[in-house]
Amino acid sequence: MSVSLVCSRSRSRRDIALCERVVRLVAADRGIRIEELKGRERLRHEVTQARQIAMYLCHVMLEMTMTEVGAIFGRDRTTVAHACARVEDARESVRVDRRITALERKIAGLDGRRAIYVPRTLSGEDGHASR
């Protein structure tokens, strides 16, 4: 199933393509096949954790709605909300935060646009750049 068919018409193809690149980036970083990351399996913790990180990054970095992210992953928006909460909690660990920050930096450079979101280690407590 094509991502462009399951996502809302308001989302540009470019943003959907970026989300797919985020999925590939997280899969490569975690050593997981894309099919596993987007699949229904919940038995392997590594796959579930990678999927949650990919959902979080698509929502936060690409400013996609939880409904849009859910459509790409074949999940409900409440599942995306749960994933985002889990990742935020996991970022309390310095090791996890560093790894996600490295992914955020890669994502910020994917399309040459200036990222709206700046990792909290670069900006401050809330993760948003001061304006």
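## A buried pair

Arg91 is buried, with a relative accessible area of 3%. Glu104 is buried too, at 1% relative accessibility. This is a predicted model, and in it the side chains of these two residues form a salt bridge, with 2.8 Å from N to O. The pair links distant parts of the chain. Glu104 sits in helix H7, while Arg91 sits in the loop between helix H6 (77-90) and H7. They are 13 residues apart.

Why can such side chains pair at all? Side chains of opposite charge can do so when their charged atoms come close.

Arg99 and Asp29 form another salt bridge. Their closest N and O atoms are 3.2 Å apart.

## A partly exposed pair

Arg44 and Glu46 meet through their side chains in a salt bridge. The N to O distance is 3.5 Å. Arg44 has 34% relative accessibility and counts as partly exposed. Glu46 is partly exposed too, at 44%.

How many salt bridges does the model hold? The count comes to eight. Among them are Glu104 with Arg91, Arg99 with Asp29, and Arg44 with Glu46.

Methods:
Residues numbered from 1 in each chain as written. Predicted model: local features only at pLDDT ≥ 70, side-chain atom pairs only at ≥ 80, totals over all residues. Heavy atoms only, no water. Salt bridge = Lys/Arg side-chain N within 4 Å of Asp/Glu carboxyl O. Buried < 20%, exposed > 50% of the residue type's maximum accessible area, 1.4 Å probe, protein only. Helix = DSSP H or I, 4+ residues; strand = E, 2+ residues; numbered from the N terminus.
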